[in-house]
Amino acid sequence: MQTPRLKISPPWVTYINKLQALFDGDPQIAFNIDYDNMTVALAGNNGEKNAALQRLLPTEKKFGNVTLHIVVDGPIANIA
């Protein structure tokens, strides 16, 4: 009998998976990952939600020598 092997992901993959799980059920947000450029793009059609995402999410997240870029695309509402 073989013992199960533990699979460890890099921290940026875990962060991307958490973001994807958070927004996966929202039909107003499309979630795209580009591992070549280390970019996560959130594209939404709700201006207020996009403005909130821009305020809540960092534009980049550093993991040692790896930088993950987070981009929010779509219309942005002017929220005070």
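**Exercise 1. Find the buried side of helix H2.**

Task: Which residues of H2 are buried, and where do they sit around the axis?

Solution. 
- Step 1. List the buried residues. In H2 they are Gly47, Asn50, Ala51 and Leu53.
- Step 2. Look down the axis. These residues cover an arc of only 160 degrees, so they lie on the same side of H2.
- Step 3. Recall the helix geometry. An α-helix has 3.6 residues a turn, so residues three or four places apart point the same way.
- Step 4. Turn to the face that points away from the buried side. It carries the exposed residues Glu48, Arg55 and Leu56.
- Step 5. Ask what the buried residues of H2 meet. They pack against H1, S1, S2 and S4.
- Step 6. Check the start of H2. A side-chain oxygen of Asn46 comes to within 3.0 Å of the backbone nitrogen of Glu48.

Keep in mind that this is a predicted model.

**Exercise 2. Pair the strands.**

Task: Which pairs of strands run parallel, and which run antiparallel?

Solution. 
- Step 1. Start with S1 and S2. They run antiparallel and are joined by 6 bridges. Ile29 stands opposite Gly44 in S2, and Asp34 stands opposite Thr39.
- Step 2. Look at the hairpin of S1 and S2. There are 4 residues between the strands, and Met38 takes a positive phi near 50 degrees.
- Step 3. Move to S2 (residues 39–44) and S4 (residues 66–73). They run parallel, with 5 bridges between them. Val40 has Ile70 of S4 as its bridge partner, and Leu42 has Val72.
- Step 4. Finish with S3 and S4. Their pairing is antiparallel, over 4 bridges. Lys61 has Leu68 of S4 as its bridge partner.
- Step 5. Look at the hairpin of S3 and S4. It has 2 residues between the strands, and Gly64 takes a positive phi near 65 degrees.

**Exercise 3. Examine the core.**

Task: Which residues of the largest nonpolar core touch the most other members?

Solution. 
- Step 1. Name them. Of the 16 residues in this core, they are Leu19, Phe23, Leu42, Leu53, Leu57 and Leu68.
- Step 2. Name the contributors. H1, S1, S2 and S4 are the elements that give two or more residues to this core.
- Step 3. In soluble globular proteins, nonpolar side chains tend to be buried together.
- Step 4. Take Phe23. Beyond four places in sequence, Phe23 touches Ile29, Leu42, Leu53 and Leu57.
- Step 5. Take strand S2. It is mostly covered, with 5 of its 6 residues buried.

**Exercise 4. Compare Leu68 and Thr39.**

Solution. 
- Step 1. Locate both. Leu68 lies in strand S4, and Thr39 lies in strand S2.
- Step 2. Classify Leu68. The cut-off for buried is under 20% relative accessible area. Leu68 has 1%, so Leu68 is buried.
- Step 3. Check the contacts of Leu68. Beyond four places in sequence, they include Tyr15, Ile16, Thr39, Val40 and Phe63.
- Step 4. Check the contacts of Thr39.
- Step 5. The backbone oxygen of Asn37 lies 3.1 Å from a polar atom of the Thr39 side chain.

How values were computed. Residues are numbered from 1 along each chain as its sequence is written. This is a predicted model: local features need pLDDT of at least 70, side-chain atom pairs count only at pLDDT 80 or more; totals for chains, interfaces and linings use all residues. Side-chain values use heavy atoms; hydrogens and water are left out. Two strands pair if DSSP finds at least two bridges between them. Buried means under 20% relative accessible area, exposed over 50%, partly exposed in between (1.4 Å probe, protein chains only). The arc is that of the directions from the helix axis to the C-beta atoms. Contact means heavy atoms within 4.5 Å. A polar contact is a pair of N or O atoms within 3.5 Å; within protein, one must be able to donate a hydrogen and the other to accept it, and residues adjacent in sequence count only if both atoms are side-chain atoms. A nonpolar core is a set of buried Ala, Val, Leu, Ile, Met, Phe, Trp, Tyr and Cys residues joined through side-chain atoms within 4.5 Å.
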